[in-house]
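Let's take a walk through a protein model together. Have a look at the picture first, and then we'll go from the whole chain down to a few single residues.

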Amino acid sequence: MYKVDLNSDLGESFGAYTIGLDSEVIAHISSANVACGYHAGDPLVMDRTVGLCKDAGVAVGAHPGYPDLMGFGRRNIACSPKDAKAYVKYQLGALMAFTAAHGLKLQHCKPHGALYNMAAKDQALAQAIAEAVAEVDSGIILLGLANSFLISEAKKAGLRAASEVFADRAYQADGSLVPRSKPGAVIHDKDEAIARTVRMVKEGKVTAITGEEVPLAADSICVHGDNPSAVEFVKNIRAVLTAEGVEIAPIAAIV
């Protein structure tokens, strides 16, 4: 029996600005990565998002990023591992206040944007993130890019690690994501994205943008909720996976 988590990045609105289709997407996922105020989100949005997750029975995870509201956390920031470790702890603590208030336990931590992509290839940065999570609560699962340093460093820190794959992103031969600045980085064809996802879950493989076959584990699938077709896409991907005999479950039930 195949089993996989469907996650989405939520709570990314800020002040008067609304980003994403959270209330619609949340009905079709099993885990949510909630922004913690550094790259997106604010206290009111965090509180509201955790409440939506509780009502929908969706597991809550923290989505800490670099302190970069203007760049939406997607700009590489040169900071020491010590600084990054403190940033992650700070954001975990902020979201845990809201999960506690709603009677929930924080399931996982998934770094956001540039912090995620840099840590995938930077062992020292990945180690700092893993240590931050372990020192706050060793029961929190670290969700990171499959085959990356985030996975290996999580295990070294004594954490459960969950390997993440992306339904709508192209891969490079080394298993990393094609940068958004390059052509073909985002897959817009729904049927192609779903077919690739089913293969990643059932066969543990994906075809790189340059044609190579890349082996990877797929504990959790990221489905982005910030475009108009997101709701239709996540509904379709869940329906196809279920039809293929894949059970949808939160990360804690998988790793």
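We'll begin with the overall fold and finish with some individual spots. Keep in mind that this is a predicted model.

Start by zooming out. The protein chain is built from 8 helices and 10 strands. Its radius of gyration is 17 Å, close to the 18 Å that the globule rule gives for 255 residues, so the chain is as compact as a globular protein of that length.

Of the 255 residues, 53% are buried. The chain exposes about 10700 Å², and 54% of that comes from carbon and sulfur atoms. As for charge, there are 24 positive and 29 negative side chains, with the centres of the two sets 3 Å apart.

Let's pick Leu142 and see what surrounds it. Leaving aside neighbours within four places in sequence, Leu142 is in contact with a list of residues that includes Cys109, Pro111, Ile129, Leu150 and Ala162.

From there, go to His112, in the loop between strand S4 (108–109) and helix H4 (113–121). Is His112 buried or exposed? With a relative accessible area of 4%, His112 falls under the 20% cut-off, so it counts as buried. Not counting residues up to four places away in sequence, His112 touches Glu12, His39, His63, Pro64, Gly65, Phe72 and Gly73.

Most residues other than glycine have a negative phi. Phe72 isn't a glycine, yet its phi is positive, near 55°. You'll find Phe72 in the loop between strand S3 (59–63) and helix H3 (81–101). At 17% relative accessibility, Phe72 counts as buried.

Asn147 also has a positive phi without being a glycine, at about 70°. Asn147 sits in a loop too, between strand S5 (141–145) and helix H6 (149–156). Which side of the cut-offs does Asn147 fall on, buried or exposed? Its relative accessible area is 53%, so Asn147 is exposed, whereas Phe72 is buried.

Definitions and conventions: Residues are numbered from 1 along each chain as its sequence is written. This is a predicted model: local features need pLDDT of at least 70, side-chain atom pairs count only at pLDDT 80 or more; totals for chains, interfaces and linings use all residues. Side-chain values use heavy atoms; hydrogens and water are left out. Helices (H or I, at least four residues) and strands (E, at least two) are DSSP runs, numbered from the N terminus. The radius of gyration is taken over C-alpha atoms; the globule rule is 2.2 Å times the number of residues to the power 0.38. Buried means under 20% relative accessible area, exposed over 50%, partly exposed in between (1.4 Å probe, protein chains only). Accessible areas come from the Shrake-Rupley method with a 1.4 Å probe; for residues, only the protein chains shown count as cover. Lys and Arg count as positive and Asp and Glu as negative; His and the chain ends are not counted. The place of a charge is taken as NZ of Lys, CZ of Arg, CG of Asp or CD of Glu. Contact means heavy atoms within 4.5 Å.
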